[in-house]
Amino acid sequence: TRVTESVIARNKTARLILDEMVAAGVKLQPVSANTWVGLCPYHPDHTPSLWVYPQKGLWGCNRLDCPAAGTHDVINFRAMHRRISNVAAIKQLAGEIL
């Protein structure tokens with residue numbers, strides 16, 4: 001699979017971030033119509049610091065010293081969770097949606 005802008009865009013719309021996180025074992029709870037939260041898998045977490053905006057396909061962690069701090073998408077989650085490059089994550093996701 002060649003990594004093109006259209007492949008990246010298809011990955012982001014075809015694989016929902018909630019589905020990807022739940023498949024990875026992240027437990028999430030809705031706090032509003034547009035926001036879910038959970039314990040961040042990238043640092044010891046006792047109060048939910050992981051946030052997900054499913055309609056936008058975005059997620060991140062509120063803890064500034066966490067590797068997941070900032071705003072990410074499904075490709076970044078796949079890469080971080082499986083400890084692979086973003087290019088490898090794009091190719092895996094593309095292979096799953098073809």
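How many bridges join strand S2 to strand S3, and do they run parallel or antiparallel? The close-ups below take this predicted model pair by pair.

**View 1. Strands S2 and S3 side by side.** Here you can follow S2, residues 36-38, along S3, residues 50-53: three bridges join them, and the two strands run antiparallel. A handy place to start is Val37, which stands opposite Trp51 in S3.

**View 2. Strands S3 and S4 and the turn between them.** S3 also pairs with S4, residues 58-61, through four bridges, again in an antiparallel arrangement. Look for Tyr53, whose bridge partner in S4 is Leu58. Together S3 and S4 make a hairpin, with four residues between the strands. In that turn sits Gly57, and its phi is positive, at about 70°.

**View 3. Strands S1 and S2.** Three bridges connect S1 with S2, and this pair runs antiparallel. To find your way, pick out Leu28: its bridge partner in S2 is Gly38.

**View 4. The sheet as a whole.** Now put the pairs together: the four strands form an open sheet in the order S1-S2-S3-S4, with antiparallel pairing. S1, residues 28-30, and S4 stand at the edges with a single partner strand each, so one side of each has no neighbour in the sheet. Direction ignored, neighbouring strands of this sheet are turned by 25° against each other on average. As a reminder while you trace the backbone, strands of a sheet pair through backbone hydrogen bonds, either parallel or antiparallel.

Notes. Residues numbered from 1 in each chain as written. Predicted model: local features only at pLDDT ≥ 70, side-chain atom pairs only at ≥ 80, totals over all residues. Heavy atoms only, no water. Pairing = 2+ DSSP bridges. Axes fitted to C-alpha atoms, helices over the stretch in contact; angles between N-to-C directions.
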